[in-house]
Amino acid sequence: MATRDESQEIVMETEAQEAEPSCDDAERDDSEQASQADGGDAPTQDSSISNGDNADGKRAETVELKIIWNKIKYDLKIPVDSTGAKLKEEIHSLTGLPPAMQKVMYKGLLPEEKTLREIRVTNGAKIMVVGSTLNDVLSVSAAKEVIQQEVKAEENKKEPLCSQKQHRKVLDKGKPDDIMPAVKGTKERLPTVPLSGMFNKSGGKVRLTFKLEQDQLWIGTKERTEKVPMGSIKNVVTEPIEGHEDYHMMAFQLGPTEASQYWVYWVPAQFVDAIKDTVLGKWQYF
């Protein structure tokens, strides 16, 4: 049987063991203290930026923008580290406006390679977008084509030049007796001698001399000779004479409008192309 002293020693040893913390308890306490230290208050974020989840499950900073295009406002929430190119893709999703046709402006033209953070885009910022959708462009092109076709059709409806009253009074005089022979369906170089025997608008005789070395066209009548620089001639208009298609009527536009046209009648057809090319500078015949 144990004595009283022995029993007291056993009791005291047991109490001492219960008072000492175990190694596992100490480690657990250290872990909890470290966790509490790490779980302190997080840094305060910029009030102009909100948070969102990215693909990795982490919180990504975002901004809420007002996209304004074609007088319509769109709300867009996008990560602040998105580039200008990414913003254009998002605008495309909202508006249907292709990125290549967008002009995006925020304090000037928005650069595609920089992020929204780098250019200091803030929450609620207004982003202006200028551009036309592909359908709009095609519609405008189609409209222009229709207008051109209508103009061309209207021109085709115009009365032929040789049927107009101002020209008929000259053509009705008939073909001049001393006009140079004409050859239909051929093209020849300019002759080395002046083209003569033709009529001008007043019905008087006129001759054309091409001074290539001086880059001039000499228009000679009985009264005088006008020396016209070829570079000043704006256009050359020609049309075959009805019933005499081997001859043409021809106008040299000497000024900015058709009112400055100088008309010459009964130009031999084989020289028409050579005259136009020489006067308008396509090539020279030396």
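This is a predicted model: local features need pLDDT of at least 70, side-chain atom pairs count only at pLDDT 80 or more; totals for chains, interfaces and linings use all residues.
Me: Which residues have the most contacts inside the largest nonpolar core?

Reply: A nonpolar core is a set of buried nonpolar residues joined through side-chain atoms within 4.5 Å. Here the largest one has 37 residues, and Leu208, Phe210, Phe252 and Ile275 have the most contacts inside it. Among the elements that each supply at least two of its residues are helix 5 (165-171), strand 6 (195-200), strand 7 (205-211) and helix 6 (272-280). Strand 12 gives the most, with six residues.

Me: What is isoleucine 275 in contact with, leaving aside its neighbours within four places in sequence?

Reply: Its partners beyond that range are Leu190, Leu195, Phe210, Met250, Phe252 and Val267. Another core, of 20 residues, lies apart from the largest one; Tyr74, Leu76, Ile78 and Ile127 are among its members.

Me: How many of the six residues of strand 6 are buried?

Reply: Buried means under 20% relative accessible area. By that cut-off five of the six are buried, so strand 6 is mostly covered.

Me: Which strands pair with strand 6, and in what sense?

Reply: Two strands pair if DSSP finds at least two bridges between them. Strand 6 runs antiparallel to strand 7, with three bridges joining them, and leucine 195 stands opposite leucine 208 of strand 7. Strand 12 also pairs with strand 6 in the antiparallel sense, over two bridges; there, tyrosine 265 is the bridge partner of phenylalanine 199.

Me: Which residue takes a positive phi in the hairpin of strand 6 and strand 7?

Reply: Four residues lie between these strands, and glycine 203 takes a positive phi near 90° in this hairpin.

Terms used
Residues are numbered from 1 along each chain as its sequence is written. Side-chain values use heavy atoms; hydrogens and water are left out. Buried means under 20% relative accessible area, exposed over 50%, partly exposed in between (1.4 Å probe, protein chains only). Contact means heavy atoms within 4.5 Å.
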